[in-house]
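Please look over the sequence and the structure below before reading on. The briefing covers charged side chains and a surface patch.

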Amino acid sequence: MKTHVLEIVTFRLRSGVSVEEFTAAGEATVPPVRQLPGFVDRRLVLAESGAFTDIVEWESMEAARGAMHAFGEIPEANVFAQMIDMDTLDLTHQRIVVRS
């Protein structure tokens, strides 16, 4: 049985980018991301500190890794990524070991 994987990406926005602009860009990525093989669920959340966390669940590590490469080919994803301060970005893939 394959173990589902969470892709967890934390970051801050580039200077001058509003939360509203970024949220709209994030919404635009939803339809193409849903079409990626192995996609299960996604949440983009905002902490009180102003940091964002993008949490995507994939059916497998292979699907997560494949999506990482495919994401860069999505035009809407490029707009989304340009709003992120890449110096603050941290990405990890973590296997789900307990689900309730």
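The points below are grouped by topic.

This is a predicted model, in which local features need pLDDT of at least 70 and side-chain atom pairs count only at pLDDT 80 or more, while totals for chains, interfaces and linings use all residues. Residues are numbered from 1 along each chain as its sequence is written, and side-chain values use heavy atoms, with hydrogens and water left out. A search of the whole structure finds three salt bridges; a salt bridge is a side-chain nitrogen of Lys or Arg within 4 Å of a carboxyl oxygen of Asp or Glu.

**Salt bridges**

- Arg43 and Asp41 meet through their side chains in a salt bridge of 2.4 Å, N to O.
- Arg43 is exposed, because its relative accessibility is 52%, and Asp41 is partly exposed at 29%. (Buried means under 20% relative accessible area, exposed over 50%, and partly exposed in between, with a 1.4 Å probe and protein chains only.)
- Another salt bridge joins the side chains of Asp54 and Arg42 at 2.9 Å, N to O. Asp54 lies in strand 3 and Arg42 in strand 2 (residues 39-46), so this pair ties together parts that are twelve residues apart in sequence. (Strands are DSSP runs of E with at least two residues, numbered from the N terminus.)
- Both Asp54 and Arg42 are buried.
- Arg99 forms a salt bridge with Glu57, with the closest N and O atoms 2.3 Å apart. This pair links distant parts of the chain, 42 residues apart: Arg99 is in the segment after strand 4, and Glu57 is in strand 3.

**Glu57**

- Glu57 is part of strand 3, which covers residues 52-58.
- Is Glu57 buried or exposed? Glu57 is buried, because its relative accessible area is 9%.
- The side chain of Glu57 has a polar contact of 2.7 Å with the side chain of His4. Another polar contact, of 2.3 Å, joins the side chains of Glu57 and Arg99. (A polar contact is a pair of N or O atoms within 3.5 Å; within protein, one must be able to donate a hydrogen and the other to accept it, and residues adjacent in sequence count only if both atoms are side-chain atoms.)
- Leaving aside neighbours within four places in sequence, Glu57 is in contact with residues including His4, Phe39, Asp41, Ile96 and Arg99. (Contact means heavy atoms within 4.5 Å.)

**Glu7**

- Glu7 sits in strand 1, residues 5-13.
- Glu7 is buried yet has no salt bridge, and the nearest side chain of opposite charge, Arg42, is 7.2 Å away. (Lys and Arg count as positive and Asp and Glu as negative; His and the chain ends are not counted.)
- Which side chain makes a polar contact with the side chain of Glu7? That side chain belongs to His93, at 2.9 Å.
- Apart from neighbours within four places in sequence, the contacts of Glu7 include Asp54, Trp58, Met68, Leu91 and His93.

**Nonpolar patch**

- Met68, Met86, Leu89 and Leu91 form a nonpolar patch on the surface, with about 320 Å² of accessible area together. (Patches are made of residues with over 30% relative accessible area and no salt bridge; like charges are joined within 9 Å, and nonpolar side chains (Val, Leu, Ile, Met, Phe, Trp, Tyr) within 5 Å.)
- Strand 4 (residues 84-95) gives the largest share of the nonpolar patch, three residues.
- Leu91 is found in strand 4, and Leu91 counts as partly exposed because its relative accessibility is 33%.

Technical notes
Helix = DSSP H or I, 4+ residues; strand = E, 2+ residues; numbered from the N terminus. Areas by Shrake-Rupley, 256 points an atom, 1.4 Å probe, with all protein chains shown as cover.
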